[in-house]
Amino acid sequence: MTAGTTLTAQTTTAEHELAALQREHGRPLFALLLRLCDGDRQRAEDLVQETLVRAWQHPEALRADAFDSVRPWLLTVGRRLAIDARRARQARPAEVGDAVLENAPVCGDHADRAAAALDVREAVKTLTPEHREVLVLVYFRGASVAEAAETLGIPPGTVKSRAYYALRALRRVLPGYAPDLG
């Protein structure tokens, strides 16, 4: 009904039948759909309404003499609508509310990472060649201390020492990149 219209005593037979269906089968239909919608009351109510619309669109199914009650037909239609609705939600990206966006972590953009990479490259150039070799092997190429020692022909303790002093020198040249270190 729209605003301004009044309910008259002349309601149709279909409206009476639909109201009777709602009264008689609405609660069990809602209970089933609420379970199928994982407790989402709004979605379950929408599906009850859609099921009743389908019943209104197919009065021949409701008056069929093949079954004693119309409830199995309503429950089947409601279940199929719930399955279709779930499949439709899974086929599209999840909806995100404003609250989720406000609490989302902010990631730096590519420009920040590129600028940081340039700063690190310039800082590495200031290291002594011995420190730079160890740093490149261990941190940038992923070599273990033993592998770096074998490649450079120096003892593992020297690799550890050079790596320590190289990082310490980088912290001095790159203030603000690792404020909790050093």
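Let's start with helix α9: its buried residues (under 20% relative accessible area, with exposed meaning over 50% and partly exposed in between, using a 1.4 Å probe on protein chains only) are V159, A163, A166, A169 and L170. These residues sit on the same side of α9 because they cover an arc of only 130° around the axis, where the arc is taken from the directions running from the helix axis to the C-beta atoms. In general, an α-helix has 3.6 residues a turn, so residues three or four places apart point the same way. On the face of α9 turned away from the buried side you'll find the exposed residues K160 and R172.

A word on the model: it's predicted, with local features needing pLDDT of at least 70 and side-chain atom pairs counting only at pLDDT 80 or more, while totals for chains, interfaces and linings use all residues. Numbering runs from 1 along each chain as its sequence is written, and side-chain values use heavy atoms, leaving out hydrogens and water.

As for its length, α9 spans residues 156-173, so to speak 18 residues, and reaches 26 Å from first C-alpha to last, close to the 26 Å expected at 1.5 Å a residue (1.5 Å times one less than the number of residues).The buried residues of α9 pack against α6, α7 and α8, with contact meaning heavy atoms within 4.5 Å.

| Partner of α9's buried residues | Residues |
|---|---|
| α6 | 110-125 |
| α7 | 129-140 |
| α8 | 145-152 |

Two of those partners also meet each other: the axes of α6 and α7 come within 10 Å and cross at roughly 145°. Here axes are lines fitted to C-alpha atoms, for helices over the stretch in contact, with angles from 0 to 180 degrees between N-to-C directions. V120, V124 and K125 of α6 make the contact with R132, L135 and F140 of α7.

Now for the cores, each a set of buried Ala, Val, Leu, Ile, Met, Phe, Trp, Tyr and Cys residues joined through side-chain atoms within 4.5 Å. The largest nonpolar core has 15 residues, and L21, L33, A44, L47, V48 and L74 have the most contacts inside it. Two or more residues each come from α1 (13-36), α2 (41-57) and α4 (71-91), and α2 gives the largest share, 5 residues. L33 touches A44, L47, V48, T51, G78, R79 and A82, leaving aside residues up to four places away in sequence. A second, separate core of 9 residues includes V134, L137, A143 and A149.

Zooming out, the protein chain has 9 helices and 0 strands, taken as DSSP runs numbered from the N terminus (H or I, at least four residues, for helices; E, at least two, for strands). Of its 182 residues, 21% count as buried.
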